Amino acid sequence: MRLTMKRPQGNRDGSAGVGPGVRTLGARLVAFLVAPLLMGGLMAGCADEYPQSSISPHTDFAEIIHSLYVSIFWWSMLILAVVWLLLAWVIVKYRRKSEDEKPRQIRGHLGLEIGWTIGPALIVIAIAIPTVQAVFATQQPVSEDALEVEVVGHQFWWEFHYPEQGVTTANELWLPVDRPVNLRLESNDVIHSFWVPKLGGKRDVNPVPAVREGQDPKYNWLYFTPQETGVFMGQCAEFCGQSHALMAMRVVVESEEGFQDWVDRWFASEGAALPAGAEPDAETELQMPGEEPDVQEDEELQAVDQDEDPMVTLGRETFLNSTCVACHGVEGTSAQGVIGPNLTLFGARSTLGAGIMENNRENLVRWIIDPQGIKAAVAMPGTEYPGGNWPATGLSDGEVEAVAAYLLSLK
Ligand code: CUA
């Protein structure tokens, strides 16, 4: 169909009749009606291709929101169709038919005024009822056997703590499929918002004020049951500072066995490097740059596997004797920092810097040297500048390479 966009010429001089004008009008009306429907169809077809599509639900929670959205969408389409048809009818029926004809003028119409007040009010009520139902349904506490995860928002990364398993990780939330999960949301600084569109949400991650004895702190919670395995992308959805846009995350939904395997690996990753029965020394003193690292007495370092890449061995030694451990923890080692992301199983993560780039050697080296150049206002010090109350790490290029090799070996 070829649409002509020329001005209708028919009625200009009153000689050519209404024919061409109506044809053009008809074509425009068809385009007016059909184009949005085609676009809607295209958008629906693309839903799954976008990693953060909010119209591709994969949990019960997301399903509730999605079905509400879909039903309101189709009711709106029905109303739109009625309005368009009325509009088309009025345009055709009441068009100007000759130069001197003037349509009947109406001033004030009580019936119409009541109608267009009551009609929209009824529509709003009709939308409000299922919406309020959905709000209550998604606030329900879930069953006793739910997995609990404490989510802590930081500028600008995510911390995930599993009290039942005793696991703490960052920026990659692992969940078992088909098991309900209760996320307890809390911020360490400003307000963030937890949003993984395909899993549902979003919900504010607020600082939790201290309460008097006997009172319960008020947390925001988010409940859902992942319905299929896969990796789902999420993003902080509340402006929280300079690098808000760089505060992303991944949710890895695994089979029950896959999840348990991940938990087991978390405990085993570095613990295996310790001699049997040896406890990591949580009170190892921090070595400031410039000080001689006290390596001889580090039993972890003597327990290293003979086949280990020497670069990894050197990286472990450098990492455990640098300021890195003031903020970062690695299970099974003397690194027990809790201010920054826990780095246990770091090498198994797909991304780096809270979901902003691929986790590979090259990016990691860049990150250790110049984190604030990649992510503004991040608290981590670089090799040559301070950050988060800590001085520059002072690591040489070779040491950075070694630390990167070590961290990537943690999987
Ligand atoms: Cu955290 Cu935006």
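The following is a conversation about one predicted protein model.

Biologist: What should I know about the model before we start?
Modeller: The model is predicted, so local features require pLDDT of at least 70 and side-chain atom pairs count only at pLDDT 80 or more, while totals for chains, interfaces and linings use all residues. Residues are numbered from 1 along each chain as its sequence is written, and side-chain values use heavy atoms, with hydrogens and water left out.

Biologist: How many helices and strands does the chain have?
Modeller: The chain has 10 helices and 12 strands. Both are DSSP runs numbered from the N terminus, with helices (H or I) of at least four residues and strands (E) of at least two.

Biologist: What percentage of the residues is buried?
Modeller: Of the 411 residues in the chain, 38% are buried. Buried means under 20% relative accessible area, exposed means over 50%, and partly exposed lies in between, with a 1.4 Å probe and protein chains only.

Biologist: Turning to helices, at what angle do H2 and H3 cross?
Modeller: Helix H2 (residues 60-93) and helix H3 (residues 110-137) cross at roughly 170 degrees, and their axes come within 10 Å. H2 is therefore roughly antiparallel to H3. Axes are lines fitted to C-alpha atoms, for helices over the stretch in contact, and angles run from 0 to 180 degrees between N-to-C directions. Angles under 35 degrees count as roughly parallel, over 145 as roughly antiparallel, 65 to 115 as roughly perpendicular, and the rest as oblique.

Biologist: Which residues meet there?
Modeller: Ile64, Leu68, Ile72 and Ile79 of H2 meet Ile123, Ile127, Pro130, Thr131, Ala134 and Ala137 of H3. Contact means heavy atoms within 4.5 Å. The residues of this contact comprise nine nonpolar, one polar and no charged. Ala, Val, Leu, Ile, Met, Phe, Trp, Tyr, Cys and Pro count as nonpolar, Asp, Glu, Lys and Arg as charged, and the others, Gly among them, as polar.

Biologist: And how far apart are the axes of H8 and H10?
Modeller: The axes of helix H8 (residues 361-369) and helix H10 (residues 397-409) are 9 Å apart, and the two helices pack at an angle of about 125 degrees. H8 and H10 are therefore oblique to each other. The residues of their contact divide into nine nonpolar, no polar and three charged.

Biologist: Which residues of H8 are buried?
Modeller: Asn363, Leu364, Val365, Trp367 and Ile368 are the buried residues of H8. These buried residues pack against S11, strand S12 (357-358), helix H9 (371-374) and H10.

Biologist: New topic: is Arg184 buried or exposed?
Modeller: Arg184 is buried, because its relative accessible area is 15%. Arg184 belongs to strand S5 (residues 181-187).

Biologist: Which side chain does Arg184 join in a polar contact?
Modeller: The side chain of Arg184 is joined to that of Glu186 by a polar contact of 3.3 Å. A polar contact is a pair of N or O atoms within 3.5 Å; within protein, one must be able to donate a hydrogen and the other to accept it, and residues adjacent in sequence count only if both atoms are side-chain atoms.

Biologist: What caps the N-terminal end of H6?
Modeller: Asp309 caps that end of H6, with a side-chain oxygen 2.9 Å from the backbone nitrogen of Met311.

Biologist: Lastly, where is Thr333?
Modeller: Thr333 lies in the loop between helix H7 (324-327) and strand S11 (351-352). Thr333 counts as buried because its relative accessibility is 1%. A polar atom of the Thr333 side chain lies 3.0 Å from the backbone nitrogen of Ala335.
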